[in-house]
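Trainee: I'd like to learn how to read a protein model. Can we go through one together?

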Amino acid sequence: SCAKGRSGGAVRSGPARGLLLSAVRPYTPAPHLEFSGPFMAMTDDSANSTWLRDATAIALGLTVPAMVSGRAVLQGLAAAALVGVLIIAWQDRGVFARAVAAARSRFGIAVVVAFAAMAVSIPGSLDPLRSFEAWARTLAYIGGCVLFWAFLAGDARALRQTTRTLVLFSLIGAGIVILAQLGYQEPLKWVRDEVRHMPTLWAFHTPKAYAALGACAAPILAWVAVRETGGWRWASIGTALLLVNIVIATVNKSALGGLLAMLLVVSFAVAARKNRKWVAAWGIWAMATTTAVLFLVYELPDEPSSTAVWDWMPPQLVDTHRQQIWHFTAGKIAEAPWTGYGINVINRVEGAGEILPGYQAEALPSHPHNWILEILGETGLIGFIPVLFAIAWSAARSFRRYLLWADPAALAQLGLTAVFWGSSLFNFSIWSSWWLIGYFLLMAMAGAGARPRT
């Protein structure tokens, strides 16, 4: 079971061979699909696949794994894929038609309303130009990923190439990180263009952002495993487990919180589709799972401790510096509750630069490390409520689709939603480009592979 590669050598069966052979198989249009969670999934016949479709699909699959090399590489690949999909859409107007239909859907209108509401805070922002830039690029990321979805939803072959590329290079990236943590740092230093001698802890601290995005990829890899067979299925499962291992090794407690949210939400959806007895059993499972994850988080190494803000919140679960940041941000929200201080400028409020007692750190160093406090503080209630409504709608549609049609893609989107927004309660700025691109792109992949309604 070998195939001849371009150089004439044998290419053995498995993930690498499958990816190679998929590049020479004829284009197969995807079946007709309907609305799926936050994305519509409709297809029509399009022109035969070309090298540009292949290159674009592979670039999309490479984007999230490329985080192992850094944020700039991820964003560069996403930009290259966008150029490719725009050219494809110019040749195949069905791509634009699907994207426009998604934008005109009820959910699309809800997203537009949410962005319009957030824009209310821009004129009164502490830095209107900076706020407009963050607002506009976030809207552009959503638009670009809707185009990615529209392209993949209409080309089953491209979707297969994208998901298999995601699996293969996520496996390679996870292997590189684990090797570095075991002491062999050269591959990780090479992909990150790092030539200096690095201490042992470098391999555990540097991949924290990669681990966070890896946690988001886990439910999508599980969905790919359901779609695939043989070596690809096992590669998908193994890669997801390796990424979870990296989350633990890097002591990424926020990502662990996101994975806990995913386990609870996904298991509840599965139980709800069964019967009431399953829901009752889910309650016991939820308590046991929550206890186990909290115990793991409690036992992992902690940040340097200082005075806790809330006695009821153990610093082993939420470090005292993060508590101080949340307390400071909440006080500032109370001073401007309706329109906030402007998008992506919350760290410029008065007092944000003051050094906290017991820390060599600012009261609000860059962002609140909590997406609710960040959006509420920067756009006020006027911006926050429509955003919360759009997120809840997205999750509810995925949940409903799984209950009605047992669609694994909907369950994957629901799990991804839980991981992303759950971990965003504790970690990066919600306006971080790499963080948003990774989320929107993974949602687009699963949306493009949604099953047709029956």
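Predicted model: local features only at pLDDT ≥ 70, side-chain atom pairs only at ≥ 80, totals over all residues.

Trainee: Which residue does the side chain of K332 meet in a salt bridge?

Mentor: In general, side chains of opposite charge can pair when their charged atoms come close. The term salt bridge is used for a side-chain nitrogen of Lys or Arg within 4 Å of a carboxyl oxygen of Asp or Glu. Here K332 meets E335, at 3.8 Å from N to O. The two are 3 residues apart in helix α14, so about one helical turn separates them. E335 counts as exposed, at 56% relative accessibility.

Trainee: How many salt bridges does the structure hold?

Mentor: There are 10. Take R53 and D155, whose closest N and O atoms are 2.9 Å apart. This pair links distant parts of the chain, 102 residues apart: R53 sits in helix α2 (residues 51-63), and D155 in the loop between α6 (128-153) and α7 (156-181). R53 is buried at 5% relative accessibility, and D155 is buried at 0%.

Mentor: Then look at R157 and D54, which form a salt bridge at 2.5 Å, N to O. R157 belongs to helix α7 and D54 to helix α2, so this pair ties together parts 103 residues apart in sequence. Both R157 and D54 are buried.

Trainee: You keep naming helices. How many helices and strands does the protein have?

Mentor: It has 17 helices and 4 strands. Both are DSSP runs numbered from the N terminus: helices are H or I with at least four residues, strands are E with at least two.

Trainee: And what share of the residues is buried?

Mentor: Of the 454 residues, 54% count as buried. One of them is G94, with a relative accessible area of 8%. G94 is found in helix α4 (residues 93-104). In sequence G94 and A150 are 56 residues apart, yet their C-alpha atoms are 8.2 Å apart in space.

Trainee: Which residues touch the most other members of the largest nonpolar core?

Mentor: A nonpolar core is a set of buried Ala, Val, Leu, Ile, Met, Phe, Trp, Tyr and Cys residues joined through side-chain atoms within 4.5 Å. The largest one here has 124 residues, and F151, W435 and L442 touch the most other members. Helix α17 (residues 433-448) gives the most to this core, with 13 residues. A second, separate core has 5 residues, including A269, Y402, A410 and L414.

Trainee: What is L442 in contact with, leaving aside neighbours within four places in sequence?

Mentor: Contact means heavy atoms within 4.5 Å. L442 is in contact with V64, L166, C216, A217, I220 and L416. Across the protein, residues 24 or more positions apart account for 71% of the contacts with a separation of 6 or more.

Trainee: I see a cysteine there. How many disulfides does the structure hold?

Mentor: A disulfide is a covalent bond between the sulfur atoms of two cysteines. The cut-off used is a pair of cysteine sulfur atoms within 2.5 Å. This structure holds 0 disulfides. C216 is buried, with a relative accessible area of 0%, and C145 is buried at 3%.

Trainee: Last one: where does D193 lie, and what is its phi?

Mentor: D193 lies in the loop between α8 (186-191) and α9 (202-205). Its phi is near 55 degrees, a positive value in a residue other than glycine. H369 also has a phi near 55 degrees, and H369 lies in the loop between α14 (320-335) and α15. D193 is exposed, with a relative accessible area of 67%, whereas H369 is buried at 16%.

How values were computed. Residues numbered from 1 in each chain as written. Heavy atoms only, no water. Buried < 20%, exposed > 50% of the residue type's maximum accessible area, 1.4 Å probe, protein only.
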